Amino acid sequence: MKGFESHPYIPNSVPEVQEEMLREIGLGSLEELHKNVPELLKLKNEMNLPKAFRSEYELKRHVERVLSKDTDCHRNLNFLGAGCWQHYVPAICDEINGKGEFLTAYGGEPYNDEGRFQSLFEYASMVAELVDMEVVNVPTMDWAQAAATTVRMAQRITNRSVVLVPEYIDAEKLKIMENYAESCLRFEKVKCDERGLIDLSDLKEKAGADTVGIYFENPGYLGVIEQNGQEISDIVHAAGGLSLVGIDPISLGVLATPASYGADIVCGDLQPLGIHMNYGGGQSGFMATRDEEKYVMEFPSRLFGIAPTTEPGEYGFGDVAYDRTSFGHHREHGKEYVGTQSALWGITAGVYLATMGPQGMEEVGQIIMSNAQYAAAKINEIPGVKANPFGSVFFKEFVVDFSGTGKTVKQINKALLDKGIFGGKDLSEDFPGLSESALYCVTEIHTKEDIDTLIKALYEVTK
């Protein structure tokens, strides 16, 4: 730190302030703070950093020039989905989640006075109504985390060791689930039939005395709507396991709720509900169950409830069964460790659901399905291209097989990008059996003109 001067962006960097702090804690230099760090890990030379900007304005100009090189989903037409989808975000969602009392309310009880607890209670109530369950947690980081926690909850309830999953599952999500639960769970894949649905005979064969349950998504990762939800739940229930269902919440305006076909724990991502797509953000997982003690006490994250106060007619909002969490009074006995959560996105999702209402959710679901059906029908008119090769019912995502064109998905997507279009996700690596296929996503933001532009481009790049 020799010759170091104060810096406007580094706290306590004034030399006199540093000397006073060092005297207070009995140290002679800043280097002594790091005396326990092994020499092998210490950087012995100066960092290779570019010359510093002379002003904040110059730095701002530089960053803006770098960012201008990006190509985003506003400049390009986007047909990518696979876990993060482009939906319309009502302006009120950004207006509310940008309010200081919510945006800065990371934690701490003083924020309760600003309405944070009530807002999260209202969010949980609306999501519970949407999924037809009774208890919903404060959001966790993303769907993968919610799915991982869902299977851990089920493991603690059943005290078993094997979770069944369909073979057509998001490979990245499965890796996260396996990593999170490797100490107590093993995952076994169940075959899917030619329609992309779970093979019931294979499920019956694999569901046994060590089965925690089955985790499946509806719609599935490849967009197929699972038509045998009740049969799947019945099979795992007969084996003493639980039915664990992952859902896209924006689909529930038109699709049956998981509870109606036997789900015990429901999870998913709130991102479609008023949350922008962001690189590394915008995801927010949730779990939901019935209001039964055996489920409620296995939630590792916060649950908010409502209760009357000592003032007649007045109600308050607060934590439910706080001690079961890792940040409760008995930290070492917490169900799982819980760290930073995405409560701000819960508030956002609550604003979205309150804005849309039941009729709005039904309308947006119908528009999505109509747009996706139109896109698939037009794609099927292109020589050598097959949309929805499974022939099953789908919601907003569907597989497109390009094998008949003689070109790879990678080649096609590169050619589409040159035309200002993000094509579907390449599935050839994760699912080699699907050959040169991609997963396309169509939502309410796509106009007929957008879809027709895609079709024209696909005609040209597949010749």
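**Notebook: helices, a patch and aromatic pairs**

I started with Gly 360, which counts as buried because its relative accessibility is 11% (buried means under 20% relative accessible area, exposed over 50% and partly exposed in between, with a 1.4 Å probe and protein chains only). Before going on, I noted that this is a predicted model, where local features need pLDDT of at least 70, side-chain atom pairs count only at pLDDT 80 or more, and totals for chains, interfaces and linings use all residues. I also noted that residues are numbered from 1 along each chain as its sequence is written, and that side-chain values use heavy atoms, with hydrogens and water left out.

**Entry 1: where Gly 360 sits**

I found Gly 360 in helix H11, residues 343-379 (helices are DSSP runs of H or I with at least four residues, strands are runs of E with at least two, and both are numbered from the N terminus). I then looked up Leu 164: its C-alpha is 35 Å from that of Gly 360, and the two are 196 residues apart in sequence.

**Entry 2: helix H6**

How many residues of H6 are buried? I read 14 of its 16, so by the under 20% cut-off H6 is mostly covered. H6 spans residues 143-158 and reaches 22 Å from first C-alpha to last, close to the 22 Å expected (1.5 Å times one less than the number of residues).

**Entry 3: aromatic pairs**

I looked for rings of Phe, Tyr and Trp (its six-membered ring) with centres within 6.5 Å; planes under 30 degrees apart count as stacked, over 60 as edge-to-face and the rest as tilted. The count by this rule is 9 aromatic pairs. Phe 121 and Phe 317 have ring centres 5.4 Å apart and planes at 50°, so I wrote them down as tilted. This pair links distant parts of the chain, with Phe 121 in helix H5 (116-131) and Phe 317 in strand S10 (315-319), 196 residues apart. Phe 121 is buried at 17% relative accessibility, while Phe 317 is partly exposed at 25%.

Tyr 168 and Phe 390 are also a tilted pair, 5.6 Å centre to centre with 50° between the planes. Both sit in loops, so the pair ties together parts 222 residues apart in sequence. Which residues form one aromatic cluster? I listed Tyr 168, Tyr 221, Phe 390 and Phe 431.
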